[in-house]
Amino acid sequence: MNQADETTHFGFKDVPLGDKQTLVNDVFHSVAQRYDLMNDLMSAGLHRLWKDWMVNALNPPRTDAPFALLDVAGGTGDIAFRAAEAAGPGFKATVCDINSDMLSVGRERAMARHLDGQVSFVEGNAEELAFADKSFDAYTIAFGIRNVPRIDRALKEAFRVLRPGSRFLCLEFSTVDVPGLDRIYDLFSFNVIPPLGRAVTDDAESYQYLVESIRKFPKPAAFAGMIGAAGFSRVSWQSFSGGIVALHAGWRL
Ligand SMILES: C[S@@+](CC[C@H](N)C(=O)[O-])C[C@H]1O[C@@H](n2cnc3c(N)ncnc32)[C@H](O)[C@@H]1O
């Protein structure tokens with residue numbers, strides 16, 4: 001198929017593959033200033049626990065040994081800040097995100113927390129990382145991969161930039177698998193989140209995209225297969241909060 005004819009999902013809509021990134025960028029430009037507040041409101045603060053859970057799994061060294069984390073689609077810096085606070089003085093994080101508005105909020109937050117010496121912010125696309133092969137000790141991506149148009153390319157790039165013996169971790173919304181909770185979760189997602197988005201960010205469409213994109217993301221076993229296809233070994237996953245989120249992990253051996 002000609003690349004111009006390829007389509008993908010933007011929420012429940014089919015769009016030309018080449019258009020998805022622009023649509024995603026519009027979403028995050030629109031919500032950047034209120035992104036962190038909305039996360040707290042939508043998840044009743046649960047996103048903090050999910051992110052802590054990811055950083056616990058990362059378990060960055062608490063020593064002065066050098067350790068370089070790449071946090072892709074890192075937005076306003078939540079994962080990098082948590083990792084920096086848990087780690088020792090040898091830790092450095094690079095937050096890479098395609099959206100300049102999300103990065104600006106992140107830079108301000110890093111300065112306010114006095115973490116700007118340990119956490120740097122770089123504009124870039126997960127599908128084409130501007131970093132050397134084998135240059136990082138860990139790669140994290142939280143609530144980011146489902147927004148990337150060509151997930152297979154992003155996973156191959158993750159593999160390329162990791163040093164052998166280092167870890168890939170992906171936190172993402174997943175599939176609720178608890179009978180009863182699935183119906184409540186759907187009712188909440190489709191009836192509460194877009195109106196809340198309208199009230200807080202004056203943008204219901206971006207939050208409609210959010211809830212639709214979650215439903216379109218591959219199920220955990222299928223996503224694990226994609227991670228393995230990119231070259232990672234010992235791929236595993238764990239679900240959290242009844243399947244609302246899942247943490248996938250793999251090793252570059
Ligand atoms: C839901 S936010 C997650 C931010 C942060 N990781 C967190 O957990 O709070 C998704 C982020 O993915 C970024 N993003 C979308 N497509 C991207 C791409 N192709 N490359 C890098 N970042 C991308 C967006 O700009 C946005 O900041």
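Trainee: Which residues of H4 are buried?
Mentor: Helices are DSSP runs (H or I, at least four residues), numbered from the N terminus. Buried means under 20% relative accessible area (1.4 Å probe, protein chains only). In H4 that picks out Asp78, Ile79, Ala80, Phe81, Arg82, Ala83 and Ala84.

Trainee: What pLDDT do side-chain atom pairs need to count?
Mentor: Residues are numbered from 1 along each chain as its sequence is written, and side-chain values use heavy atoms, leaving out hydrogens and water. The model is predicted: totals for chains, interfaces and linings use all residues, local features need pLDDT of at least 70, and side-chain atom pairs count only at pLDDT 80 or more.

Trainee: Which side chain has a polar atom 2.9 Å from a nitrogen atom of the ligand?
Mentor: A polar contact is a pair of N or O atoms within 3.5 Å. For oxygen atoms of the ligand, Tyr35 has a side-chain N or O atom at 2.9 Å, and Lys51 has a polar side-chain atom at 3.0 Å. The nitrogen atom is reached by Asn125.

Trainee: How much of the ligand's accessible area does the protein cover?
Mentor: Accessible areas come from the Shrake-Rupley method with a 1.4 Å probe. On its own the ligand has 600 Å². The protein covers 99%.

Trainee: Which side chain does the side chain of Asp137 join in a polar contact?
Mentor: Asp137 lies in strand E6, residues 136–142; strands are DSSP runs of E, at least two residues. A polar atom of the Asp137 side chain is 2.7 Å from the backbone nitrogen of Ala68. Within protein, one atom of a contact must be able to donate a hydrogen and the other to accept it. At 2.8 Å, the side-chain partner of Asp137 is Arg163.

Notes. Buried < 20%, exposed > 50% of the residue type's maximum accessible area, 1.4 Å probe, protein only.
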